[in-house]
Amino acid sequence: MQKTHWKQLANTDYIGAYALGGEDLTLTIRETRRELVIGANGKKEDCMVIHWAEREYKPLILNRTNAKTITKLLTSAYVEDWSGKRITLYPTTTKFGGEVVECLRVRPTLPREAADIKCEKCGASIKPAGRMNVEQMAEYTRNKYGRALCAACAAAAAKEVTNNADG
Ligand SMILES: [Zn+2]
């Protein structure tokens, strides 16, 4: 049986392997910022923290390993570029103080959903826009313009509609 190190239980204000129930979890990054985290020993520590668009999920304290994975995955080291992007978390184990403990990692691959829906005009992969994820974006543009469109093509289509209305 997998044992639980006391440090794993220390801070349930933040998401950890305990919250995943052994499965992958895909979430949308809302904001990444520095904040003071109060640790198990009562010490305040300055940490990088990711907050999710799915507000029912607790924020993630970002360690170097996961920060590096996200940087590669989203091809940007700038946290502003991460907002609105979807990443997948998974539970695994690591060595901590000589013991094997549970931890949470970011998958080095984009969630499958992000690559699944192509723009029906230009063929590019539809990306999340504003508060909409890929599926919502596809559904919204399908309803409005009759086909699934990427943000750029949707903007062009909106312009066309306006021009036609003017003419
Ligand atoms: Zn397009």
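Student: Is Cys153 buried or exposed?
Tutor: Cys153 is buried, because its relative accessible area is 9%, under the 20% cut-off. Keep in mind that this is a predicted model.

Student: And which residues are the protein donors of the zinc ion?
Tutor: Cys153 is one of them; the others are Cys119, Cys122 and Cys150. Each uses its SG atom, lying 2.3 Å from the zinc ion.

Student: What's the arrangement of the four donor atoms?
Tutor: Tetrahedral, because the angles they subtend around the zinc ion run from 103 to 115°, and the limits for that call are 85 and 135 degrees.

Student: How are the donor residues spaced in sequence?
Tutor: The pattern is C-x2-C-x27-C-x2-C.

Student: Where does Cys150 lie?
Tutor: In the loop between helix 4 (134-145) and helix 5 (151-166). Cys150 is buried too, with a relative accessible area of 9%. Pro128 is 22 residues away from Cys150 in sequence, and their C-alpha atoms are 8.9 Å apart.

Student: OK, helix 1. Which residues are buried there?
Tutor: In helix 1 (residues 64-73), the buried ones are Asn66, Thr69, Ile70 and Leu73. They sit on the same side of helix 1, because they cover an arc of only 95° around the axis.

Student: What does the face turned away from that buried side carry?
Tutor: The exposed residues Arg64, Lys68 and Lys72.

Student: Last one: where is Thr75?
Tutor: Thr75 is in the loop between helix 1 and helix 2 (79-82). Check its backbone: Thr75 has a positive phi of about 50° although it is not a glycine.

Student: Why flag that?
Tutor: Because most residues other than glycine have a negative phi.

Student: Is Thr75 buried or exposed?
Tutor: Exposed, because its relative accessible area is 70% and the cut-off is over 50%.

How values were computed: Residues numbered from 1 in each chain as written. Predicted model: local features only at pLDDT ≥ 70, side-chain atom pairs only at ≥ 80, totals over all residues. Heavy atoms only, no water. Donors = N, O, S within 2.8 Å, 3.2 Å for Na, K, Ca; no water. Tetrahedral: all angles 85-135°; square planar, octahedral: opposite > 155°, others 65-115°. Buried < 20%, exposed > 50% of the residue type's maximum accessible area, 1.4 Å probe, protein only. Helix = DSSP H or I, 4+ residues; strand = E, 2+ residues; numbered from the N terminus. Arc of directions from axis to C-beta.
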